[in-house]
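Visitor: Hello! I am new to this structure and would like to learn how to read it. Could you walk me through some of its features?

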Amino acid sequence: MPLRQHGRKARFIMSVKIIGTGSALPKLQVTNADLEKLVDTSDEWIRERTGIRGRHISTGETLVSLTAQACAGALENAGRAASEVELLLVATCSPERGIPCAACQVQSVLGAQKAVAFDLNAACAGFLFALNTAYAYVEAGIYRNALVAGGEVLSKIVDWTDRGTCVLFGDGAGAVMVEKCDKGGLLGFVQHSDGRKGEVLRCDSRELKNPYVSLPMEAPYVQMDGREVFAFAVRRVPESILEVLEQTHTDIEEVDLFLLHQANRRIIEGIAKRLSVDISRFPTNLDRVGNMSSAAIPVLLDELNRQGRLRPGMKLVLSGFGAGLTYGAGVMEWQ
Ligand code: COA
């Protein structure tokens, strides 16, 4: 067993790799021109400020149905059966139900009866945090494999009269299957949270209403200080990428592709500039799907995988950031 530096502790560990990917998007595609009919906006404004041209919006697809479809795709791509899954994690901030958790509902749809299933909410960094959680469980030998999904139906928590937010988001789900391996695969992660900045991007869940009190919700739909979020992302994401590269002894020039949370093309360009890395190494799909929060990274990963753009030995950096505020990065060698 190799001795690997993980955070501040050195310990004996096994490696963990992604063996399959999957994704699912709602059927309805909504263009910027469609949104011009809903709010005072324009295709030109949305494209220039964000890079987004369209997004998929649910007309009945649920977080559970989309996530189960993405998980089924990842299992098929991995050549594994649902009955083999030992851990099932769903990262989401837009579940249909408070209880049971989405992961248990997805487990039921898939028939992954052996799996331990639970949700994780770190907003747009959710998939990255869930992948690191799965990595820790599998690396420690607690489970042999894990199905890790990020899914959102953000259209139900967005205020469709607020042009400052409704043009940004989309619905969808992505998933990966991970399994232990001898070497390579996931090389390391860093994660950060700053609860002091929670107010800049928030959405209440339910009002406190019982026989003794009735308090109205302060933010029944997504509320955002876009400029604050923009500045946070452009500053903190490069820092976390450099941190994880240092932790995993990876030179930035070795990295083939940087798969960032797909929030805004200008944010990605700002991060590339700060890292002095050519923008061609930052693949994007946000022009077609918008910001899908925790689904963004796994959907992008699945698209690249199915397009044959990921070759064995390639080094990938994943980085997520969002409400919380939460952010982090991971490095992997594709196998
Ligand atoms: N269409 C047209 N005009 C719009 C608009 C829209 N959809 N949304 C906002 N505007 C207007 C504003 O009302 C403002 O008008 P005013 O100057 O008359 O007051 C003007 O455009 C500029 O608004 P501002 O918020 O300063 O624009 P911006 O350049 O900061 O871009 C965002 C706004 C939201 C695109 C940008 O701040 C951003 O992308 N932030 C990060 C958001 C994000 O990624 N969040 C999720 C993170 S996980």
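Visitor: How do the residues of the shell around the ligand divide into nonpolar, polar and charged?

Guide: Before we start, please keep in mind that this is a predicted model. To read a shell, sort its residues by the kind of side chain. Here the shell around the ligand holds 9 nonpolar, 8 polar and 5 charged residues.

Visitor: Which of the residues around the ligand come nearest?

Guide: There are 22 residues around the ligand, and the nearest are T41, R49, R163, R227 and N264.

Visitor: What distances separate atoms of the ligand from N or O atoms in the side chains of T41, R227 and N264?

Guide: Look for pairs of N or O atoms within 3.5 Å, the cut-off for a polar contact. At T41, a side-chain N or O atom lies 2.6 Å from a nitrogen atom of the ligand. As for cover, the ligand taken alone exposes 960 Å², and the protein buries 73% of that.

Visitor: Which pocket is the space taken by the ligand?

Guide: The ligand takes up the space of the second largest pocket.

Visitor: Which helices and strands each supply at least two residues of the shell?

Guide: The helices α2 (43-50), α6 (163-166), α7 (226-247) and α8 (265-275) do so, and so does the strand β16 (315-322). The biggest share comes from α7, with 4 residues. You can also read the shell by domain: domain 1 (3-183) and domain 2 (187-333) each give at least three residues to it.

Visitor: Now for the backbone. Where are cis peptide bonds found?

Guide: The angle to look at is omega. P100 sits in the loop between β6 (87-91) and α4 (102-110). Another cis bond links G324 to L325, where omega is about -5 degrees. L325 belongs to the loop between β16 and β17 (326-333).

Visitor: And what is the phi of A123, positive or negative?

Guide: Phi of A123 is positive, near 50 degrees, and this residue is not a glycine. You will find A123 in the loop that runs between β7 (116-120) and α5 (126-139).

Key: Residues are numbered from 1 along each chain as its sequence is written. This is a predicted model: local features need pLDDT of at least 70, side-chain atom pairs count only at pLDDT 80 or more; totals for chains, interfaces and linings use all residues. Side-chain values use heavy atoms; hydrogens and water are left out. A residue is near a molecule or strand if one of its heavy atoms lies within 4 Å of it. A polar contact is a pair of N or O atoms within 3.5 Å; within protein, one must be able to donate a hydrogen and the other to accept it, and residues adjacent in sequence count only if both atoms are side-chain atoms. Accessible areas come from the Shrake-Rupley method with a 1.4 Å probe; for residues, only the protein chains shown count as cover. On a 1 Å grid over the protein atoms alone, a cavity is a set of points where a 1.4 Å probe fits but cannot get out, and a pocket is an open set with protein on both sides within 12 Å along at least five of seven lines; lining residues have an atom within 4 Å of a point. A molecule sits in a cavity or pocket if more than half of its atoms lie within 2 Å of its grid points. Ala, Val, Leu, Ile, Met, Phe, Trp, Tyr, Cys and Pro count as nonpolar, Asp, Glu, Lys and Arg as charged, and the others, Gly among them, as polar. Domain bounds come from an automatic or database domain assignment.
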